[in-house]
Amino acid sequence: HDFNNLLQVVNGHVERLREDLPAAEPLRQSVESIGAAAARATSLTEQLLAVGRRQVLLPRSVDLHDLVGRFMAEHAARIPEWVRVRLETDPHLPPVRIDSTRLSQALAHLISNACEAMPQGGELTISTRLVQVTGTERRLAAEGSVVEAGTYVSLDVKDTGRGMTPSVMAQAFEPFFTTKQNALGAGLGLSTVYGIIKQSGGYVGGESAPNRGTTWSLWLPGAGAPAAITPRPAPVSSRLRVLLVEDEEAVRTMLTEWLERDGLEVCAVGSAEEALTEQGRRTIDILVTDVGLPVVSGPDLARAMLQRLPGLPVIFISGFVADSIDRSEFDSQAVFLQKPFSPRDLARRIREVAAGVATST
């Protein structure tokens, strides 16, 4: 959490300098170097949060057939031409309940590993299937934990590559373990996948053998009935009035400057108690709140404010939280931004959420 708050401040000021410094300014290269280093630190911190199962999740009902189709359409160019791709996803399977952005992150890791395992070419198969568990004695290879009874949809990623030995397979989920030579920073891919799926209530299984390829199976919990969408009131002013709640002063100051620079009216406070007081004094069009506030959390604040202002748009921001945000308690289009994010992106999301056209993450 502290690292992401620090990176939020660094990235925010780097973005402002990029906008304000002319391209020919000699210091521009220094700014770009700072930004590149901060981006690498951001990526590492994100992976560590996933490994520790401490990401903020916004689970919702997800159709795996649609998700895989969109993912492959967007990332097809990243798959080497010597790898053949087969999609065998069933459009009739029930939806799963998971954070679609995090699941896409896990899928990207598995596809990347599969492609690296087939340097001379091969076949990559991505498929889905229904899994029914009637008892609690079923165990998945590789993970070894007991699987609770229920209905799961399995997302399988299979390659025909070089495979893994039993000893390598046994260490596959260990943070920083890698078989790559001189691979600085490698070894978090499968640990990240494991953390994402376990935090989402699912299970990870794997099968592999030397020269016989590898298959990873992500067992994902089924989704219940979709949450009802709460109607949003249209803003009554052309200039959006934002209540920003952020306990880290440096982050709060930087974001306030950015949003006001973008033409938004901002009331910035450091706690939920202050936010509730300010809400009683002024009209608020949208709430932007950190998740991990002291005393009263961001989700608890959002619940309290929604009781006062039904349909109030909410954007959650955070660098760390132990629990998921249950989307069913809020509007199904609730937005979450992981720190560090672009302040310009936050301003854009605020306008989209107020207009009712924002995507979830």
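User: Which residues of α3 are buried, and what makes a residue "buried"?

Analyst: Leu64, Leu67, Val68, Phe71, Met72 and His75 are the buried residues of α3. Each is called buried because its relative accessible area is under 20%, while exposed means over 50% and partly exposed lies in between (1.4 Å probe, protein chains only). This is a predicted model, where local features need pLDDT of at least 70, side-chain atom pairs count only at pLDDT 80 or more, and totals for chains, interfaces and linings use all residues. Residues are numbered from 1 along each chain as its sequence is written, and side-chain values use heavy atoms, leaving out hydrogens and water.

User: How do you know that the buried residues line one face of α3?

Analyst: Looking down the axis of α3, they fall within an arc of 125°, so they line one face of the helix. The arc is that of the directions from the helix axis to the C-beta atoms. On the other side of α3, Ala73 and Glu74 are exposed.

User: What makes a set of residues a nonpolar core?

Analyst: Its members are buried Ala, Val, Leu, Ile, Met, Phe, Trp, Tyr and Cys residues joined through side-chain atoms within 4.5 Å. The largest such core here has 38 residues, and Leu103, Ile111, Leu124, Ile197, Trp216 and Leu218 have the most contacts inside it. Helix α4 gives the largest share, seven residues.

User: Which residues is Leu103 in contact with, leaving aside its neighbours within four places in sequence?

Analyst: Among them are Leu64, Leu67, Ile98 and Leu155; contact means heavy atoms within 4.5 Å.

Terms used:
Helices (H or I, at least four residues) and strands (E, at least two) are DSSP runs, numbered from the N terminus.
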